[in-house]
Amino acid sequence: NHNKLSKHEFCAAHLSSLCQSALQEHERSGTGLMLEYTSIRDAFLDNKYNNNDNLVARFGINVLEKQARERMLAILQTYSKGSRGRARDWNEDSGRKQDAANDSIKQACHLFLDEVYAKLRAISQTQAITTT
C-alpha cells in the first residue's frame with residue numbers, strides 16, 4: 001500500500017518501477033543501450049560500442065564535423081533541468097548529493113533500487129562501451 005510508504009520510499013519505488021520498465025523492454029526486445037549517467041557524455045562523443053561507431057552516429061550526426069561536435073559539447077555543458085529560463089552550466093554534483101542524502105533516503109534507495117540498478121549496470125557493462 002503506497003499510503004504506508006514514506007515520501008522517500010514512494011519516490012524510490014516510483015523510480016524503481018521506471019527502471020523495471022526499461023529493463024523489461026530491453027529483455028523483451030533486445031534493444032536499448034543502458035548507460036550510467038556519468039558515462040553519457042563519453043558515450044555520445046568519444047566512446048565506441050558494439051558497431052565500432054559512436055552513439056551519435058545512430059542519429060545521423062557526424063561528431064568528426066567540427067561544428068556538430070562543438071554544438072554537442074555546448075549542449076552537454078548545460079544542466080539538463082535548466083529549461084524554461086532556468087538555464088545554467090552543468091557541474092558534477094553527484095558526490096555532493098550522495099553526501100547530503102540522509103539515512104531515510106539511503107534506506108529507501110537500498111530497498112527499492114539496488115536490485116534493478118545492479119541488473120541495469122550489468123547490462124551496460126556487457127554492451128561493450130570502451131574508450132577509444
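The largest nonpolar core consists of 9 residues: Ala12, Cys19, Leu23, Met34, Ala108, Leu113, Val116, Leu120 and Ile123. (A nonpolar core is a set of buried Ala, Val, Leu, Ile, Met, Phe, Trp, Tyr and Cys residues joined through side-chain atoms within 4.5 Å.) Helix 1 (7-29) and helix 5 are the elements that give two or more residues to this core, and helix 5 gives the most, with 5 residues.

Before you start: this is a predicted model, where local features need pLDDT of at least 70 and side-chain atom pairs count only at pLDDT 80 or more, while totals for chains, interfaces and linings use all residues. Residues are numbered from 1 along each chain as its sequence is written, and side-chain values use heavy atoms, with hydrogens and water left out.

**Exercise 1.** Work out how many helices and strands the protein chain has.

Solution. Step one: count the elements, and you get 5 helices and 0 strands. (Helices are DSSP runs of H or I, at least four residues, and strands are runs of E, at least two, numbered from the N terminus.) Step two: read along the sequence, which gives α-α-α-α-α.

**Exercise 2.** Find out whether Leu113 is buried or exposed, and what it touches.

Solution. Start by locating Leu113: it's in helix 5. Next, check its relative accessibility, which is 12%, so Leu113 counts as buried. (Buried means under 20% relative accessible area, exposed over 50%, partly exposed in between, with a 1.4 Å probe and protein chains only.) Then look for partners: leaving aside neighbours within four places in sequence, Leu113 is in contact with Ala12, Leu15, Ser16 and Ala108.

**Exercise 3.** Which backbone oxygen does the side chain of Ser124 reach?

Solution. First, find Ser124 in helix 5, which covers residues 103-126. Now follow its side chain: it reaches the backbone oxygen of Arg121 at 2.7 Å. Not counting residues up to four places away in sequence, Ser124 touches Met34 and Glu36.

**Exercise 4.** Say what share of the protein chain's residues count as buried.

Solution. Take the 132 residues of the protein chain: 20% of them count as buried. Then turn to contacts with a separation of 6 or more: residues 24 or more positions apart account for 60% of these in the protein chain.

Conventions: A polar contact is a pair of N or O atoms within 3.5 Å; within protein, one must be able to donate a hydrogen and the other to accept it, and residues adjacent in sequence count only if both atoms are side-chain atoms. Contact means heavy atoms within 4.5 Å.
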